[in-house]
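Try each task before turning to its solution.

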Amino acid sequence: YWAGWGGHAILDYAALLATGTEGIRERIRLAETRDSTPEQQAFRQALGVVCAGIDGFAVTYAQAARQLALETTDAHRRAELEACSRRCLHVPRYGARTFPEALQSMWFVHVLDGCDSPGRLDQFAWPYLEADLRAGVLSESEAQGWVDHLWERFEEHRSWNVCVGGVRADGSDAANPLTFLALDAMRRSGNRAPNLSLRLHRQSSPELWRAGLASIATGCGMPALYNDEVIIPSLMSLGIPAPDARDYAMNGCSQIDIPGQSHMGLEDGEINLLKCLELALHDGVDPRTGTQIGPHTGQACSFDTYAQVLTAYKAQVEHFVQRLVAAANAVQKAHAETSPNLLRSLLTSDCIDRGVDFKAGGPRYNHGQILTQGIANTADSLAVIKTLVVDAGSVTWDELLNNLARDFPDEAFRQQLRSRAPAFGNGDDTVDGIASDIVGHLFRCLGRHRTWRGGIYGGGAIVFTRGIEFGRQVGATPDGRRSGTPLADSVGPSAGRDVHGPTAMLQSVSRVPQELARSAYVLNVKCGRRAFSESAPAVLSLLQTYFALGGQQLQVNAVDA
């Protein structure tokens, strides 16, 4: 397990564009009229200093642009620089009036926040673009130019995540022309940054689906696709009202956040389920070091039933969840006491009114998110134990444990484990049921714990390259995986284990209770590039059906050999 990350955030860019720092100052002044402690007074005074710092930052750029305008002999470039200077004198201080001002205001604060995640760009910036288009101030091609320029800046500074699409607070479709401009910028640029997330739901138009797949077909791997029908109810189960839950956006790699209202932890820690199983097979002793690191849950050779194995495994999981949240809470407390974040406090709901910092419980929502590794490997390993060791008796505990200890010296035995027991990702009820059981158990267990900030812990699975490092910590396992090799790279099957096609694979993953995942439950899918041109309707139907079955997320990579 691991705990130590302070967390991503999405700021309230809508409020920044609407009122500017002047409007924020007014909120601070109103809060100061209420009874407050000396600490709250000092905190709000510090927020005022931050406002002045933001304004000064913009003025510095205004002056620099003005100086460059004086030095250039190119009339067109001079006009650009003079317009830039005027924008930087107006925003972020006085709020945005036009689409270029909206982007400039957002960009200043985005940079000051470390180029994290802008959130729902097509929602907070669309009113300004809509007004400019209606007034004839900008054409659609000029608007695309501004978005393309923004995408280049995102790439240069490795910004994290932009989210488009989804629904509005009232549940109606939120897609608009800016949604498509962002998708087009991604499709044509092929940039690595930002991660582009596309929210979809039952009323999403066929045109939006096709625009998303057109970008994916280039091989850029974006946008990642997210299912409102699963994620919004999951957030509401935390007590978040529907209008706020409907405003979620993706943060960092793929984590779920409520823009401008929350500190959701976002990588408060990670837990390796396969390591928990390894410890359950050795009475809590790590066989790699011989050290007792887990609770005593019995020697595997004493287990006569699958239920006993599962009980030992779940006891290890519960033990390490308890240790993990204790460590995460200690880190949260340390962050609050030693490294407050005044900029995020300035643009996160309730921090000003409460007079409490972003990291200390000031935001409206203060939940936590614990990521999960090793789902498919653990399910496959338990399926081997249930099918071959307990039910059929064709493999003894001694045979299994000796081969694990020696990293499978007998290749024929290893292949027997891999070929005679079902593997996750093939539509098999037995192993799919095991996966559903262990994921549901973990997420329900996390939900019983409170964050130091005052929220509830939830789980998710964002693996990516982490499966390599987490695999190094685990010896050989019953699924036939060799010691130290990577874990499955997402919530899908282990590499090469799904042999019955994409329909069976998606069916297996959809059987896991993904509505319990309160952070993203990421499924990586590889698809031949030709499929997007030769079988595009079938690909679209496949992905839509997965979402209809309860899938939360799809990361589709168009590849060739």
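Two strands are taken to pair if DSSP finds at least two bridges between them, and strands (E, at least two residues) and helices (H or I, at least four residues) are DSSP runs numbered from the N terminus. The model is predicted, so that local features need pLDDT of at least 70 and side-chain atom pairs count only at pLDDT 80 or more, while totals for chains, interfaces and linings use all residues. Residues are numbered from 1 along each chain as its sequence is written, and side-chain values use heavy atoms, with hydrogens and water left out.

**Exercise 1.** Determine how strand β2 pairs with β1 and with β3, and state the handedness of the β-α-β units.

Solution. Begin with β1 (residues 161–165), which pairs with β2 in the parallel sense over 5 bridges; here Val 162 stands opposite Leu 196 of β2. Continue with β3 (residues 224–227), where the pairing with β2 is again parallel, over 4 bridges, and Leu 198 stands opposite Leu 225. Right-handed means that, with the strands pointing away from the viewer, the path from the first strand over the helix to the second runs clockwise.

**Exercise 2.** Explain why strand β2 is described as largely enclosed by the rest of the structure.

Solution. Apply the burial classes: buried means under 20% relative accessible area, exposed over 50%, and partly exposed in between (1.4 Å probe, protein chains only). For β2 (residues 195–200), 6 of the 6 residues are buried, and the strand is therefore largely enclosed. Checking the faces separately, Asn 195, Ser 197 and Arg 199 are buried on one side, and Leu 196, Leu 198 and Leu 200 are buried on the other.

**Exercise 3.** Which residues touch the most other members of the largest nonpolar core?

Solution. A nonpolar core is a set of buried Ala, Val, Leu, Ile, Met, Phe, Trp, Tyr and Cys residues joined through side-chain atoms within 4.5 Å. The largest core holds 131 residues, of which Trp 151, Trp 397, Tyr 521 and Leu 554 touch the most other members. Helix α13 (residues 306–338) gives the most to this core, with 11 residues. A second, separate core of 25 residues includes Ile 10, Ile 231, Ala 245 and Val 522. To return to Trp 151, its contacts (heavy atoms within 4.5 Å), not counting residues up to four places away in sequence, include Val 162 and Leu 196.
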